[in-house]
Amino acid sequence: RCLFFFGPMKLLHLLLVLGALGALAWVPSGRAANYKLQSSEHYKGVAYSAFLMEGPEPEGHHEALKPESIEKDMGILEQHNIKWVRTYATDLNGDKIAVIAKDHGIDTFIGTWVNAGPDGVKFWYEEMDRVDAIFNQDSRLAPIIILGNELVYSKKQPVDVIMKMVQHAHDKGYYVAMADIPPSYLDPEAAKLWEMADILLVHSHPFFSHIRNTENVRIPGTRLMPDAAGADDVLQATGKIAETFPDKIVIVGESGYPTADDSKVDDPNHCRWCNNENQKHFLETMLWLADQRKFGVFAFEAFDERWKGEVGEEAGSGPHWGFFDVDRAPKPSAEILAKWATAVAEGKEFPAPAQSCDFILAQSECLAKSSVDQNGLKEALHWACTGGLVDCGELDANPLLSQCPLEAKTSWAMTKYHQSYARAPGTCDFDGKGMLAASQAEKVSLYSKAMIGDVNTPDEAKPTAARAKAHWIVAFNIAVFMVAGVVEMKTGVIHGFLRKSEYESLDV
């Protein structure tokens, strides 16, 4: 009857369609059939990499941790109540981590590394052989692998090749997690890949997010602060991915803030916010917001790694992202990590952090003068928030910022405005209502000289003409973005939801 109703060609077409759908809708088999994935908030832990000095490349120059060192690390994490870790590769003793971790009551998202080119594909299949060996050794492990690291962003392999890898891992009976930055998950060319995956790990770091000027050029030295707004940026990005893929498990796969920057202090990109207390504040705030929005988190990262000193734009701060230093001494953030993990283990709510008001004032570069009355503060806040470059929505929407006094809110917005105009002279004046923080005054000329190209900078000393010019610039930019948005919607391209932030390296 079916054949008569559809006809031979229609039936063939239907079978092809069903076959295609079946390729995307994987039914767990093998090891995965005996393990049921949980919701996002079930997966809370830290990122862990087993390298000390020079890392995995060049060949023969790494300093991989020995099994006894991994044993010690897992003991430290167990003492802090950590129940999950995510790793990055299985070579160079990486295949020892999952079993040792399990002995300490810690489960693992097992990372598998992917390099570029045909040799990179070959290496990954060797990684999968090691994964099989790990599970043959210990059947207690969760059958979850992470396929590569930021593969779509890095373009190490074509999407169709990565999809074949996902299928291979599924055929072997493993759930597959992909790990990438937010814009990659909105790339329409990779949509089928994300549909194949079981878990999406979102990498989002305020450290790599910058303010842009009126010409949409990144401004040196304007990394997002590790405050409640920076933490909320991470969760908004993750929430956008969860909205886009409602049937997927979406987890904050990496988020953190370094505690030091070894670059020269007079370097415009030197991280002035990289210290122990700021990492602690960011971690506490980000973890609380994630809990409130029911997202799992792999906080980045467990231990410092000295080999990262020459890695890209994070060079000066690369060795300092850990919650424990390279000698395994705890930093202040380790205390927050333990409180969070203990609350998770005991099924209790992680307590809300102190409001960020004092933190905002301590970190602001442009401060509202104490002599300014409430009306004056409101005028300055209004101008900073309507100049076109500062998103002040956080001040009302974020529960950790909304209750701050007007002075703190105004200083926060004035600082963002000042940074948006490359810290040019006059951009912290606000008709006499603002002043530079003492620590920042010496750096204004340095940052201004470091600015890439010209910047349309309003001069608060001559507010009328300059502000009119600025508003025309903003209006023009808004018109351009609206037209571009319509074009992108017509062509099905989703782009730019991260509110003038997220990853400098996307300007390619």
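Hi everyone, this short talk goes through the disulfides and one of the cavities in the structure above.

A word on the ground rules. This is a predicted model, so local features need pLDDT of at least 70 and side-chain atom pairs count only at pLDDT 80 or more, while totals for chains, interfaces and linings use all residues. Residues are numbered from 1 along each chain as its sequence is written, and side-chain values use heavy atoms, with hydrogens and water left out.

Let's start with the sulfurs. How many disulfides does the structure hold? There are four, a disulfide being a pair of cysteine sulfur atoms within 2.5 Å. With the bonded cysteines numbered in sequence order, the pairing reads 1-2, 3-7, 4-8, 5-6.

One of the links joins Cys-271 to Cys-274, with an S to S distance of 2.1 Å. Its S-S torsion is about 90 degrees, so this disulfide is right-handed. Cys-271 is buried at 5% relative accessibility, and Cys-274 is buried at 9%; buried here means under 20% relative accessible area, exposed over 50%, and partly exposed in between, with a 1.4 Å probe and protein chains only.

Next comes Cys-357 with Cys-404, where the sulfur atoms sit 2.1 Å apart. This link has -95 degrees about the S-S bond and is left-handed. Cys-357 belongs to helix H13 (residues 357–363) and Cys-404 to the loop between helix H15 (394–397) and helix H16 (406–420), so the bond ties together parts 47 residues apart in sequence. For the element names, helices (H or I, at least four residues) and strands (E, at least two) are DSSP runs numbered from the N terminus. Cys-357 is buried with a relative accessible area of 9%, and Cys-404 is buried with 6%.

Then we have Cys-366 and Cys-428, sulfur atoms 2.0 Å apart. The torsion is 100 degrees, and the link is right-handed. Cys-366 lies in strand S11 (residues 366–368), and Cys-428 in the loop between H16 and strand S12 (434–436), so this pair connects parts that are 62 residues apart in sequence. Both cysteines are buried.

Now, the cavities. The structure holds four of 30 Å³ or more. On a 1 Å grid over the protein atoms alone, a cavity is a set of points where a 1.4 Å probe fits but cannot get out, and lining residues have an atom within 4 Å of a point.

Definitions and conventions
On a 1 Å grid over the protein atoms alone, a cavity is a set of points where a 1.4 Å probe fits but cannot get out, and a pocket is an open set with protein on both sides within 12 Å along at least five of seven lines; lining residues have an atom within 4 Å of a point. Grid points are joined across faces, edges and corners, and a volume is the space filled by probe spheres set on the points.
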